[in-house]
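Here is a short briefing on one residue and its surroundings. Look over the sequence and the structure before reading on.

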Amino acid sequence: MNKLKQVVAIIKSGYISEQDTVFIDETLSNTLASSVPLEDANDILNYIDMQLANNPVSPEVRRALEILYGSLQERRSST
């Protein structure tokens with residue numbers, strides 16, 4: 001299972017540990033919106049919303065997540 005599929009599975013599980021957030025943030029901060037299946041975009045967008053609103057994230061990861069978030073929203077709205 002590739003890292004993005006693992007991330008989606010963890011997010012959909014409904015239980016995300018502190019260790020999981022590190023893995024998810026690292027993976028998503030290196031993910032292009034075009035590699036995210038559209039059926040998973042809402043789950044990832046919701047995760048990013050919650051993560052950035054409620055948890056400390058390094059400036060570099062925050063910026064990467066914000067870029068991914070914007071790209072996913074744009075991609076989702078263009079379909």
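This is a predicted model. Beyond its neighbours within four places in sequence, Thr31 is in contact with Leu4, Val36 and Leu68.

**Thr31**
- Thr31 lies in the loop between helix H2 (18-28) and helix H3 (38-54).
- Its relative accessible area is 14%, so Thr31 is buried, the cut-off being under 20%.
- Leu4 is 27 residues away from Thr31 in sequence, yet their C-alpha atoms are 7.9 Å apart.
- The Thr31 side chain comes to 2.6 Å from the backbone oxygen of Thr27.

**The largest nonpolar core**
- This core has 21 residues. Those touching the most other members are Ile24, Leu28, Ile44, Ile48, Leu65, Leu68 and Leu72.
- At least two core residues come from each of helix H1 (3-13), H2, H3 and helix H4 (59-77).
- H3 contributes the most, with six residues.
- Leu28 is in contact with Leu4, Val7, Ile44, Tyr47, Ile48, Leu65 and Leu68, leaving aside neighbours within four places in sequence.
- In soluble globular proteins, nonpolar side chains tend to be buried together.

- Thr21, Ile24, Asp25, Thr27 and Leu28 are the buried residues of H2.
- These residues share one side of H2, because they span an arc of only 165 degrees around its axis.
- H1, H3 and H4 are among the elements that cover them.
- Gln19 and Val22, on the other side of H2, are exposed.

Note on methods. Residues numbered from 1 in each chain as written. Predicted model: local features only at pLDDT ≥ 70, side-chain atom pairs only at ≥ 80, totals over all residues. Heavy atoms only, no water. Helix = DSSP H or I, 4+ residues; strand = E, 2+ residues; numbered from the N terminus. Buried < 20%, exposed > 50% of the residue type's maximum accessible area, 1.4 Å probe, protein only. Contact = heavy atoms within 4.5 Å. Polar contact = N/O pair within 3.5 Å; in protein donor to acceptor, adjacent residues only side chain to side chain. Core = buried A, V, L, I, M, F, W, Y, C linked by side-chain atoms within 4.5 Å. Arc of directions from axis to C-beta.
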